[in-house]
Amino acid sequence: MHNLPTHRSEILGGLALLLAALAALLIVNLGGGHAYHHLLEAPLTLGLEPLSLTKSLHHWINDGLMALFFLLIGIEIQREFMHGSFRNPRQALSPLIAAVAGFALPACMFLALTHHNPQLAKGWPIPAATDIAFALALFSLLRNHLTASLRAFLLALAVADDLLAILTIAIFFTSQLALTNALLAIACAIILIIARKSGLRSLLFFLPIGALMWLLTLQSGVHATLAGVVLGLLLPLKNPTKSPSPAHQVEHALQPFVRWAVLPLFAFANTGISLAGITLATFTAPPTLGIIAALVVGKQFGIFGTVWLLEKTTALKRPQGASWPQTYATACICGIGFTMSLFIANLALAPELQPQARLGILTGSLLSTLCAILVLSLQNRPSLIKN
């Protein structure tokens with residue numbers, strides 16, 4: 001995310017995600033699988049009757065805590081449109097077009113490999129998303145071999161990618177709609193828009209309305225994390241006084257919690273798969289193969305191919321000062337699906353298919369990471385990684 005204090009914070013945030021995923025894999029594969037799944041499915045009630053809400057711990061992590069992550073994504077999207085790459089339409093065109101191609105080609109590849117099974121085909125958006133936290137962490141590790149312009153390109157592309165993923169969730173993964181709750185949630189959003197337009201800057205107003213919007217969205221059948229995105233988009237980012245804006249205050253307060261608690265908890269709750277009985281045939285069976293191929297091949301060719309084609313046929317150029325190998329390595333980094341891919345897999349696939357999907361996501365993300373390192377190592381032999 002935009003206001004991370006140092007490159008080291010990005011690296012350590014990515015490491016926390018990785019360690020949480022490894023912890024889940026170790027627990028499940030060293031005999032603790034039953035306790036792991038029992039913990040995640042344990043019911044947890046928040047609030048007091050008649051306003052209490054009971055969900056499993058797994059649901060609270062995915063639907064509740066992850067709404068905070070999506071709130072930060074909403075703020076990031078708003079910032080990119082107001083102050084970043086998307087403010088200048090011409091400057092935004094290249095990462096936007098590359099993001100669309102990098103979203104569409106992996107989805108098409110996955111569909112081509114799984115179209116014979118309608119249940120699997122529902123997972124087409126799984127390999128289309130980029131994990132912004134992991135992508136920035138890897139970029140920070142390799143930053144001495146990549147240009148600053150590529151980081152801005154990667155951030156703009158990942159934000160556009162996340163926006164496409166959010167729209168996909170809203171359109172394709174809404175369960176049976178409870179119209180009254182949905183309309184009330186929209187009314188909350190309208191109230192926030194009016195308050196913002198009128199110059200109101202009080203978090204004591206925005207946050208309770210935002211929380212109510214999240215609850216109504218959860219009860220409407222639309223995925224509740226979308227309320228987080230909407231609130232992030234509507235929190236005022238500018239403040240006429242010198243004091244921090246509401247968006248900056250929320251971002252400053254939430255970033256450490258999301259980086260060190262929410263995302264690692266999500267990784268821990270969604271990567272605990274048993275590796276027992278895994279053979280080569282496991283990796284070549286859909287949806288595993290479809291996700292691996294889409295993340296590794298689809299992302300790279302969709303993004304890099306688009307940037308190359310734009311430079312050869314239009315006035316849109318690759319990021320300033322970046323070589324083609326560096327640009328290709330950045331496209332490889334975008335093949336790290338992890339958090340967003342795992343999130344969508346939980347929505348798109350039946351529970352019995354999710355272990356295969358998770359294996360594909362982990363493998364595809366790892367191979368994409370290795371591809372980026374290999375490309376840069378071939379271009380630049382000396383000491384590759386510097387913290």
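This is a predicted model: local features need pLDDT of at least 70, side-chain atom pairs count only at pLDDT 80 or more; totals for chains, interfaces and linings use all residues.
In α5, the buried residues are Ile 132, Phe 134, Ala 135, Leu 136, Ala 137, Leu 138, Phe 139 and Ser 140. Helix α5 runs over residues 132–141, and because eight of its 10 residues are buried, it is largely enclosed by the rest of the structure. At its N-terminal end there is a cap from Asp 131, with a side-chain oxygen 3.0 Å from the backbone nitrogen of Ala 133.

Asp 131 and Phe 134 come up again from another direction. Both are in contact with Phe 338, once the neighbours of Phe 338 within four places in sequence are left aside. Other contacts of Phe 338 on that basis include Leu 17, Ala 21, Ala 267, Thr 271 and Ile 361.

Now the core. Phe 338 is one of the residues with the most contacts inside the largest nonpolar core, along with Phe 69, Leu 235 and Ile 333. That core has 113 residues. Which helix gives the most to this core? Helix α6, residues 148–172, with 12 residues. As background, nonpolar side chains tend to be buried together in soluble globular proteins.

Next, the aromatics. The count comes to 10 aromatic pairs. In one of them, the ring centres of Phe 69 and Phe 70 are 5.4 Å apart and the planes stand at 80 degrees; the cut-off for edge-to-face is over 60, so that is what this pair is. Phe 69 and Phe 70 are both buried. They also belong to one aromatic cluster with Phe 266 and Phe 343.

Thr 288 sits in helix α12, which covers residues 288–313. Is Thr 288 buried or exposed? Buried, because its relative accessibility is 0%, and the cut-off is under 20%. Beyond its neighbours within four places in sequence, Thr 288 is in contact with Thr 282, Phe 283, Gln 356, Leu 359 and Gly 360.

Last, the chain as a whole. The protein chain has 15 helices and two strands. Of its 387 residues, 53% are buried. Its radius of gyration is 21 Å, and a compact globule with 387 residues would be near 21 Å, so the two agree. The C-alpha trace spans about 60 × 55 × 40 Å along its principal axes. Among contacts between residues at least 6 apart in sequence, 80% join residues at least 24 apart. The accessible surface comes to about 17000 Å², with 70% of that belonging to carbon and sulfur atoms.

Terms used. Residues are numbered from 1 along each chain as its sequence is written. Side-chain values use heavy atoms; hydrogens and water are left out. A nonpolar core is a set of buried Ala, Val, Leu, Ile, Met, Phe, Trp, Tyr and Cys residues joined through side-chain atoms within 4.5 Å. Buried means under 20% relative accessible area, exposed over 50%, partly exposed in between (1.4 Å probe, protein chains only). Helices (H or I, at least four residues) and strands (E, at least two) are DSSP runs, numbered from the N terminus. Contact means heavy atoms within 4.5 Å. A polar contact is a pair of N or O atoms within 3.5 Å; within protein, one must be able to donate a hydrogen and the other to accept it, and residues adjacent in sequence count only if both atoms are side-chain atoms. The radius of gyration is taken over C-alpha atoms; the globule rule is 2.2 Å times the number of residues to the power 0.38. Accessible areas come from the Shrake-Rupley method with a 1.4 Å probe; for residues, only the protein chains shown count as cover. Rings of Phe, Tyr and Trp (its six-membered ring) pair if their centres lie within 6.5 Å; planes under 30 degrees apart count as stacked, over 60 as edge-to-face and the rest as tilted.
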